[in-house]
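Here are my notes on the model. Please read them with the structure open beside you.

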Amino acid sequence: MHFTVSKSVFYKSLQKVIGVIPTKTTIPILENIMIELKDNTLQLTGTDLEICISTELKVNGMENGACTVPAKSFNEILRELPDVPIEISLEEDDKFHIKTDKGLYKLVSQPKDEFPSIVVEDSEGQLDINAQILYNMIDKTIFAVSTDELRPTLMGVFFQITSDEFRCVSTDGHRLVKVINRDFKSSEFQKSVIVPTKALSLLLKNLDTFPNIEKVQVNFSIGENHVIFRIGEAFVYSKIIEGQYPKFENVIPINNDKKMIVNREELMSSVKRVSIFSNLITHQIKFLIDENNLTISSEDIEFGGEGNEEIPINYESERMEIGYNGVYVLDILRHLDTDDVEFLLKDSVSAAIINPSAQKQNEDLMMLIMPIRIKEE
Amino acid sequence: MSNSNKVKILSEDLTNKIAAGEVVDRPASVVKELVENSIDAGSDQITVVVKGGGKSLIKVVDNGTGMNREDAILSVQRHTTSKIATYNDLHNIHTLGFRGEALASIASISRMELRSTVHNENEGVLIKLEGGVVEDVSAIADVRGTSISVKNLFYNTPARRKFLKQDDTEYRYILNIMNRFTLAYRDIEFTLYNNDQQVFDLKPAPLEKRIVDVLGSRYQDKIVEVNDNHNFVQISGYVGNQESAKKSRADQYLFLNGRYIQSRALNHAIISAYGTILPRGEFPMFVIFLEIDPRRVDVNVHPSKMEVKFSDERSVYSILRGSVKEALSTGQVIPAFQFSKPEVPIAEKPRLSQSFQTQIPLSVFERGNLVEAIKSDEPVEIEEAEVEKTQPVKTPGAQKHLERANVWQVHNKYIISEIKSGFIIIDQHAAHERILYEKALHNFERSNPSSQQLLFPIVVDLNADDYSYLMEILPFLEKLGFIIKGFSGNTVVVEGIPSDVKLGNKENIIHEILEDYHKNKSTGLDIRDNVAKSFACKSAVKFGKKLSLGEMNSLIDQLFATQSPYFCPHGRPVIITLSLDELNKRFGRT
Ligand SMILES: Nc1ncnc2c1ncn2[C@@H]1O[C@H](COP(=O)(O)OP(=O)(O)OP(=O)(O)O)[C@@H](O)[C@H]1O
Ligand SMILES: [Mg+2]
């Protein structure tokens, strides 16, 4: 293997793959990245056995070949180099040479065939989706996934493909996000899968590197137990999370008839300030919702801090007092982007629905938060 | 020739005022009485020889004043003593003996030989007795002092002989008695032989050394000195640190005016000075001497002379507790934690020291339930908790959550944090358990639990047994923030969980709590304590879970805000401190 490439081009491509490399693994080869040259195309692949990411870049190829090298050291040396042309070659002694006008660096390589090869089973179906849309849908849901390893099905985003809707759902049992895209047709196949959070955040990173993401198409194919997101020659392969996703439709309330409209930025900064005084563990804040006035307060009984703010709202129903986890409220507000947001409420113990004041075209975004019941006796 | 006979017969009236009863019930009490006499006689060398657990032979040899012939003959009669003469003397006792009863009692149930020679006399006396009857009196040539041998104990009272335990058990009682003397009288050389073998030969030594000699090297460098003078009571001695605590009270010695005494109240004063740094079921070593004007105490309560009445027990209690406390904190047994970044005041620090410096809970007495408090054998934690509650540290707007950067997690199990004097290692699960446990107990008393409502209520199927247990503890679980509703049959639905607990394992938590509860129940644990323990254990972060820096800091903050950060509810340690001194020592830098 022998090629030359500019450092910046190589480094940028490496960033798309590097995230998958496990930091702690019992299988040392997984700490390596696979590099394969065919003519002028270089393929970089990394995997943690659950997820596999691969990307391609153009180089000046001189001699085809493949090997694997320790990803961390390779990444670090590239990062520290100025943007200069680099010449890379695999020598007889399996030493991986990185040559610049500054000097020569050698890494110990491992042969390609020691690297686990991902056997991709047949896909059951596939569809193309605009990268911008996909990005938004993942971005809006991924924050609400659970990190609780004892409920693995909640540790990913639930993708639902129906004939005319593409949905993403996430929940950790305390909040839930559902986003539906209707600019969509999939007559060929309908399917639902749970995709692990890590794969999706790597996919987002990958998509981040495209300057004109709205022009990029992602091919999403689903198999019996895997999904693949293909962006051109690059792909993110991931095992899916087995198991039944909870029946979330049943728990989304339909009769929350008390509507509060509030400025998102204003609410966000108030909650942020008041939360400073909330209990560190519960992050509990209290909404006192009254006619056109919202009082947000917190009190840390153990450490004695208190916070209190009032902001104007649009609300005409009866006075209500509801406790929330301030972090959850902020998370939700951060992932909405309209000026105003609307809270649909029922009572102080039931789920609240938080919606953007206006939905995007062909999109239906809904967030839900469970309150903290504050028992006053 | 000593013509001034000292031993006198007590008047009948006075005799009647002396707490009467069995003086001798086992070999150890013979040893006790004889050694007391030797001490009273001003000896500085006492040798004790026992055989067959003291049943076949007890011999005590001293180099004290000795007795002349008449005194010696009198001394073995009932109610003869040289130590008191009048009723008033009874209220001002400076000697260990005063009843004039011991020798007579011992003589009456054994074969006794008493040898005694007064200092500077060339002729001594030997008296042989059998069952208290003098068989023979003869002159001997001996060195100064007294030697009394007691053989065939209880030979004439077979019923009592039958009550004696095995030789080695009786020997252990004797050893125990000897410990009391050797700890209290460091100026006296004590030698003990058991079945012809020398057990010890303790040369006069300072108390610190005696403690190690007598109670073992486990106390080497593990004890702190107590020394306090108040106008009517002087307190001195040593107390062990928590590292040297034992599962038994074996090494607890309290002396009043040189006399070993037993006092639940004063023991409690000492134990409670430890606050909560000692887990339940662990007891500190202490060797404490109280010197009080004999007129203010009454030892004439019980024939064993081990019980004492104080004219002002309450003051003695509080002074003793205060002195021990002070010793513990200056001795850094109650560590004053200071994290090594002191620029930002740490909220828990004042709380911590506040709780330790809390004034002695005199309220215990005022409410007249000292007895109760002492009966429970527990440190008076409640009092301190109340003080805590009524004086919460109000630091409005203060940065309660100090971001310590120098905090690390190792193996996802332990948290290491730098403190001023070295570093501490915290067991993350045990720490969280302690936090949740105390919070649970606290929540039982309050009535506003907050529950995170669940989007997907958890359906829990129980068997009939578990269901009945659940009903039993339901009110407590609700106080913790669980919202549990009946469903059908033995099935319940969990709709809300305590908002301050990140329950990873929501599905199983109820099952696990019930299982733990069930297990603890058989140990007779109080229901609150039991629920709190089970809940804390099952909800605490797992050993092996990765924690963020924020989580670790918050855990440390909360831990130090607890009443008893050093031990988890099961009594295992939560914190290990490694001081720089210790590190320096290990690296040979001293
Ligand atoms: N080892 C000894 N050396 C010198 N005198 C002794 C010795 N043992 C006993 N005596 C004398 O004998 C007396 C009687 O001793 P005895 O132990 O019977 O009574 P006590 O010590 O006065 O009171 P108690 O019954 O409380 O021990 C003592 O008062 C003391 O004068
Ligand atoms: Mg005596």
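1. Start with a loop. Arg446(B) sits in the loop between helix 14 and strand 21 (450–461) of chain B. Helices (H or I, at least four residues) and strands (E, at least two) are DSSP runs, numbered from the N terminus. Is Arg446(B) buried or exposed? Arg446(B) is exposed, with 11 other C-beta atoms within 10 Å. The cut-offs: a residue is buried if 20 or more other C-beta atoms lie within 10 Å of its own, exposed if 12 or fewer, and partly exposed in between, with C-beta atoms placed from the backbone. The C-alpha atoms of Arg446(B) and Leu480(B) are separated by 9.5 Å, though the two are 34 residues apart along the chain.

2. Basis of the note. This is a predicted model: local features need pLDDT of at least 70, side-chain atom pairs count only at pLDDT 80 or more, and totals for chains, interfaces and linings use all residues. Residues are numbered from 1 along each chain as its sequence is written, while chains are lettered from A and ligands numbered from 1 in the order in which they are written.

3. The two chains. Chain A has 6 helices and 27 strands. Chain B has 19 helices and 24 strands. Of the 377 residues in chain A, 41% are buried; for the 590 residues in chain B the figure is 43%. Two residues are in contact if their C-beta atoms, placed from the backbone, lie within 7 Å. Take contacts between residues at least 6 apart in sequence. In chain A, 67% of them join residues at least 24 apart. In chain B, 70% do.

4. A sheet in chain B. Four strands form an open sheet in the order 18-19-20-24 of chain B, with antiparallel pairing. Strands pair if DSSP finds at least two bridges between them. Strand 18 (407–410) and strand 24 (575–579) of chain B are at the edges; each has a single partner strand, so one side of each lacks a neighbour in the sheet. From one strand to the next, the twist averages 20°. Strand 20 (residues 422–427) and strand 24 of chain B pair antiparallel over 5 bridges. Phe423(B) has Leu578(B), in strand 24 of chain B, as its bridge partner.

5. Axes are lines fitted to C-alpha atoms, for helices over the stretch in contact, and angles run from 0 to 180 degrees between N-to-C directions. Helix 18 (residues 549–560) of chain B lies across strand 18, strand 19 and strand 20 of chain B, at about 105° to strand 18 of chain B.

6. How many residues of strand 7 (residues 133–140) of chain B are buried? The count is 0 among its 8 residues. Strand 7 of chain B runs antiparallel to strand 6 (residues 124–130) of chain B, joined by 7 bridges. Leu129(B) stands opposite Val134(B). The hairpin has 2 residues between its strands, and Gly131(B) in the turn has a positive phi of about 55°.

7. The sheet in chain A. Nine strands form an open sheet in the order 14-11-12-13-26-25-24-18-22 of chain A, with antiparallel pairing. Strand 14 (191–196) and strand 22 (314–315) of chain A stand at the edges, each with a single partner strand, so one side of each is left without a neighbour in the sheet. Strand 24 (residues 340–345) and strand 25 (residues 352–356) of chain A pair over 4 bridges. Glu342(A) has Asn355(A) as its bridge partner. Helix 6 (residues 326–334) of chain A packs on the sheet, and its direction makes about 170° with that of strand 26 (363–369) of chain A.

8. The ligand. Which residues are closest to ligand 1? Asn37(B), Ser75(B), Thr81(B), Gly97(B) and Ala102(B) are, out of 27 that surround it (C-beta atom, placed from the backbone, within 6 Å). Helix 2 of chain B gives the largest share of the shell, 5 residues.
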